[in-house]
Amino acid sequence: MTDIINIALLFAAIRAATPLIFAALGGLFSERSGVINIALEGLMLAGAFTAAVITFQTGNPYLGMFLGIVAGGVLATIYAIACLKFEADQVVAGMAINFLMIGLPALISGVLYDSTGSTPQIDKAFKLPMIGNQLSYASILAFALVPLTWYVLYRTPFGLRLRATGENPQAADSAGVNVSKLRYISVILSGLLAAAGGAYLSIGQSSLFTKQMTAGRGFIALAALILAKWKPVPVLVACLFFGLMEALTIQIQGAFKMPSGEPIPVQFIEMIPYVLTIIVLAGFIGASRAPKALGIPYRKEN
Amino acid sequence: MNILREIVWPFVAVIAAFIVGGIIILLIGDNPITAYSLLLSNSFGSIRDIGWTLHYATPLIFTGLAVAVAFRCGLLNIGAEGQLYVAAFATAFVGIKFGGSVVDIFGKQENWSWASLPAFLLIPLCMLTAIVVGGVWGAIPGILKAKFGSHEVINTIMLNFIGIALVGYFTQYFYKVPGDPIQRTAEIGDAAHIPRLNEFLTFIPYDVPLNLAFLIALLMCGLVYVFLWKTKWGYELRAVGENPSAAEYGGISPKKQIIIAMTLSGALAGMVAIGEVQGTRHHYETGFSADWGFLGIAVALLGRNHPLGVLIAALFFGVLLRGEIFVDAFTRYVSKDLGWVLQAIIILFVACFQMYSKRKGGVVKG
């Protein structure tokens, strides 16, 4: 066991947790304001794809990251219009966004690179910068966003209104809060953050975009958010937990053998985070309380 | 008027999706008129075309019904893909083990089967396997939701990943013929095959794989309708979908209905295996589904979660799936991924238009 638990594992866990932290914090803003965000996966993919394309074309990862985040914001705006203006079912609309982001990057990369969904490899020099050779600055940013989110949520008028809207939009409205505007801001903010997580995946952790490269991370981030009871600091802990599990699965590969002497099949290793998500959701959701108005459209009374 | 309203909005959604899709095609440098005419014109021209279109529609009828039944209970089943994968592998497993399958391993014959059942036993046994295994895989998120309240959307997505990995493992390590470069199981026994329709209807060309499963799919449309609207169980299921707390007040247990709905949903998704494994391929193959489980969501929404609507929507998507091949081959840039985009836009528009039409079959908060 000792050769598995070491400092490299810790760094690997932080790396794996980074996109989850971005996405889960994004989900936190949206859901605390009362809008379910099952579209996190698609928003991450939007960020990942745009960042990879821009970085490959310009050689500038900062521009790539920035435009990736913008793409997430644009997509989240579409989602927000569907959910808030048209009162579309939030879960259904969210899945539509996810489906869109399976197809659209593949179509565009077909035109740009004659591929079926991936971008070419980005030169190592053009990836997001690293501290030493273990961590990306993006990880630091993700960690820094946690206390910032906490501050915004609990110590600013915006945060107070956001929480009030998610719990009781009628009361917030009569207290003078523009519920609709606030929810738009929150959903768009969640798009920006989730896309940042996606961008980190493609130009930080990896060096290209591949079709559906998020591999369910948007949903795992959502599970982390539920596990964390929609609170920023527990979100960090939950994401680190999932990150640690992902890092462990990579280390387990080859380290353990089956009784027959063969290595553990890769399919079983791949399954671990997904099984874990189900167990965590089943075990902790009872103790977790969602924002009261989550998923319920609000119509202003005249 | 009500019926008219039910029909108008799905049409508007489809047209809107085609317009947005056309703009996207234009932007990526192809001609939308060419792409769309390729998409739509290869589906009705001849008996062969119609046969193929119906063949493509068959799995979508099953998955569309699957998603619709769950929707009617207020649940979004995104797990139809996983359910049909697990069911398809299980069906192939039974078809091999009880079908007297003999495998040729580098010239050496090896018997992989336990028994060699006659067709009148093996065909229903395989069908039952598809239904039961799909149902079990669907029941898991239902039980998780009923017992722990965890959201079925996340759990079904996780179970998709798990199910597909699991059957991939079994295929690769145990049921693949050694030396076969394709990730697929050995062939099921002949006795497990269901007949193709061209065996009876000679006017259908020999290369059209349309089989008995299509007729079963039609039958299921009728059965689902009868179940939902003509039985007490169906009424209870819909009551929970309309208003869980009112249903509970009326003495209906939402938890029980959630488990029932997800089990039925999984069973319907699993029935895809009947057509694909027993009818078309005669083995299980990794990646055999053209995302039918996910397409089922668009089919159900477009069909307003009604069996007749599902049938019409599945035929429409059958046309698209048939046409996609031609679009892929004869346009420069437009690929099959256009399907995901159109599907996403259709779902988005239907979801948005729902506000204007009667709120029915909406997903409850999880």
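Buried means under 20% relative accessible area, exposed means over 50%, and partly exposed is in between, with a 1.4 Å probe and protein chains only. Keep that in mind. Buried residues make up 58% of the 302 residues in chain A.

Some ground rules. This is a predicted model, where local features need pLDDT of at least 70, side-chain atom pairs count only at pLDDT 80 or more, and totals for chains, interfaces and linings use all residues. Residues are numbered from 1 along each chain as its sequence is written, chains are lettered from A and ligands numbered from 1 in the order written, and side-chain values use heavy atoms, leaving out hydrogens and water.

Chain A, then. It has eleven helices and two strands. Those are DSSP runs, H or I of at least four residues for helices, E of at least two for strands, numbered from the N terminus. The order along the sequence is α-α-α-α-β-β-α-α-α-α-α-α-α. The radius of gyration of chain A is 19 Å, close to the 19 Å from the globule rule for 302 residues, so chain A is as compact as a globular protein of that length. That radius is taken over C-alpha atoms, and the rule is 2.2 Å times the number of residues to the power 0.38. The C-alpha box along the principal axes is roughly 70 × 45 × 35 Å.

Contacts next. Contact means heavy atoms within 4.5 Å. Of the contacts in chain A with a separation of 6 or more, 78% are between residues 24 or more positions apart.

Now the cores. A nonpolar core is a set of buried Ala, Val, Leu, Ile, Met, Phe, Trp, Tyr and Cys residues joined through side-chain atoms within 4.5 Å. The largest has 211 residues, and Phe99(A), Leu76(B) and Phe317(B) touch the most other members. Apart from it lies another core of seven residues, including Leu9(A) and Met245(A).

Two residues to look at. Val153(B) lies in helix H6 of chain B, residues 152-175. Is Val153(B) buried or exposed? Buried, at 0% relative accessibility. Leaving out residues up to four places away in sequence, Val153(B) touches Ile38(A), Val91(A), Leu76(B) and Ile78(B). Its C-alpha is 6.5 Å from that of Asn77(B), 76 residues apart along the chain.

Over to chain A. Ser202(A) is in helix H8, residues 179-205. Ser202(A) is also buried, with a relative accessible area of 0%. Again leaving out residues up to four places away, the residues that Ser202(A) touches include Ala48(A), Ala51(A), Ala52(A) and Phe209(A).
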